[in-house]
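Let's take a walk through this protein together. Have the sequence and the 3D view ready as you read.

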Amino acid sequence: MAKTNRSKPASPWRSLPAVLVFVVILTSGIVIFLAAASNLPALGTFEDHVKHQLSQKLRRKLAAQKAVVKELTEARQSHAVPAPADLQGATKESAAIQQNAKPVPANGTNRIEYKKHEGQSCQGYANGDSETRTLSYSKEACALNEECLSIECSSGSEADCTLRGSTRLVAYPQSDCYEQVEIKPDGTVLSARVHPAYEGLLQHYAFQPVRTQGGEYVNIILVRSPPGGSEIALYEKYKNDILFMGISSYNDYPLGSEFVGTFPGFLHMMREPEKAFPKHVKTILMSQSDFSLPEFPQRDYSVPKKYDFTYSASDCDVDVDGQGWCGWSKNWTFVRKALDVMCSPEFNLRGVLVATKNKANTRAYSLPASCKGKMIQTTYLARQEDYFNYLKNSRFALLPQVHDASPRVSTQALSADVPILMNYHIMGGWKYVNDKTGEFFHDMSDFKESLRKILKNSEIPDRYEPQKWVREHYGNERSGKRLFDFVRKHFSDRVKFPKGTRLLLT
């Protein structure tokens with residue numbers, strides 16, 4: 001039989017090295033993958049991760065640039081050497097940007113540019129950032145700083161610039177200010193800096209400024225009274241450059257006048273504004289008295305009040321015993337009738353009648369005979385603290401007027417934790433009266449009833465809570481936010497707010 005050649009079966013140990021190599025490679029891959037995965041951002045934070053990486057990159061660039069600028073400044077001070085080539089290039093680049101060569105897009109179709117004001121300083125560092133940069137890098141940093149509105153550089157230089165939080169210009173030959181402006185597609189310029197004519201317009205009584213919570217003017221003017229001929233001419237001249245809005249602050253204005261439809265927006269005091277304003281006018285129920293509230297401690301019911309009530313008049317017609325404009329606007333004819341009731345044996349009240357004497361303190365409004373010895377009459381109180389002293393020591397404040405659009409004494413009384421007795425027919429201020437703040441009366445027919453009610457309730461601890469209520473609904477923080485939201489909703493195409501703006505104050 002022929003011999004058959006058979007190969008020996010391969011040993012399983014011969015493939016062991018390959019298996020070990022494969023296991024090592026696989027294990028290493030898993031370790032690397034897990035290490036990398038631990039550094040990956042979660043899906044929900046990916047955008048933040050990218051922003052963080054870009055911000056870090058920019059910070060490194062800015063830090064490097066700062067070092068170059070510092071070295072350059074020191075060298076110039078000691079050797080007066082020229083700017084290095086890279087900074088000369090930055091200067092050329094900045095000049096190109098200034099000449100609108102490469103405008104930076106903003107808000108989709110708008111673009112950001114910088115307007116140069118030679119020999120002008122723009123005050124205040126942006127968010128405390130005093131770091132020195134080139135103009136080119138300052139523009140990048142300004143885009144990341146919420147408070148940045150402008151950039152200031154040494155005069156004629158673009159190598160030592162700082163971010164600024166204001167656009168108000170101050171003459172200073174050693175500096176140049178680069179104001180940040182936003183250009184709309186139609187060429188309209190939106191700047192946080194107010195129009196050059198703005199402060200001059202405020203010299204006219206009818207025109208009132210609007211400020212941010214930081215005190216910066218905003219390019220809005222409120223028209224608080226019927227404008228005269230010269231003021232109308234100024235409005236016509238600047239109405240496309242400045243947003244003019246009306247505000248109810250003077251008697252019945254704007255009712256019964258042409259001005260109900262003049263301005264694109266109105267801060268009013270009406271119960272039914274739709275019956276007064278045309279549809280193109282944007283309106284908001286808001287008065288001057290809605291804003292700044294004085295600070296008072298909460299009422300201490302263990303301390304008795306010195307007076308029963310206060311009434312604030314105006315002294316312009318004391319010499320004719322209230323038969324002029326002031327008496328009409330403060331409803332003095334009604335007050336004289338009401339005083340006869342309050343001084344009667346049933347009530348026998350003690351009151352303070354502010355500004356019912358002339359400034360010379362030689363004449364006073366005449367009072368009913370029943371009030372003899374029961375009323376304190378004062379001249380106009382130049383120090384508001386003197387008025388507040390009478391107010392906070394009274395059981396209630398009397399507001400009998402009708403033709404008053406924004407009675408500041410109403411919210412002042414509520415702030416002092418003093419309830420108010422108010423004429424239901426008042427033009428403005430009616431919104432402050434409710435079960436927690438005081439009482440209404442309509443005329444002499446129900447005056448006694450309302451008087452009894454407020455006298456009784458004012459002595460019940462916490463029956464009225466005027467201070468708590470007014471602080472919860474009004475004041476700069478709440479009213480300023482409402483006005484800001486109103487302007488932003490209806491007029492964002494007309495006004496550019498300083499960065500960081502959250503309140504608009506009157």
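We will go from a set of strands to some salt bridges and end at a surface patch.

Keep in mind that this is a predicted model. On one side, four bridges join β3 to β4 (residues 161-164) in an antiparallel arrangement. These two strands make a hairpin with six residues between them, and G156 in the turn has a positive phi of about 75 degrees. Strand β5 (residues 169-183) also runs antiparallel to β3, joined by five bridges.

Now for the charged side chains. The whole structure holds 28 salt bridges. In one of them, E199 meets R168, with the closest N and O atoms 2.8 Å apart. E199 sits in helix α5 and R168 in the loop between β4 and β5, 31 residues apart. Another salt bridge pairs K431 with D290, again with a closest N to O distance of 2.8 Å. K431 is in the loop between β16 and β17 and D290 in the loop between β11 and β12, so this pair ties together parts that are 141 residues apart in sequence. K431 is buried, at 12% relative accessible area, and D290 is buried too, at 0%.

Finally, look at the surface, where Y205, Y250, W325 and W328 form a nonpolar patch with about 450 Å² of accessible area together. Y205 lies in the loop between α5 and β7 and is exposed, with a relative accessible area of 52%.

Methods:
Residues numbered from 1 in each chain as written. Predicted model: local features only at pLDDT ≥ 70, side-chain atom pairs only at ≥ 80, totals over all residues. Heavy atoms only, no water. Patch = residues over 30% accessible without salt bridge, like charges linked within 9 Å, V, L, I, M, F, W, Y side chains within 5 Å. Areas by Shrake-Rupley, 256 points an atom, 1.4 Å probe, with all protein chains shown as cover. Salt bridge = Lys/Arg side-chain N within 4 Å of Asp/Glu carboxyl O. Buried < 20%, exposed > 50% of the residue type's maximum accessible area, 1.4 Å probe, protein only. Pairing = 2+ DSSP bridges.
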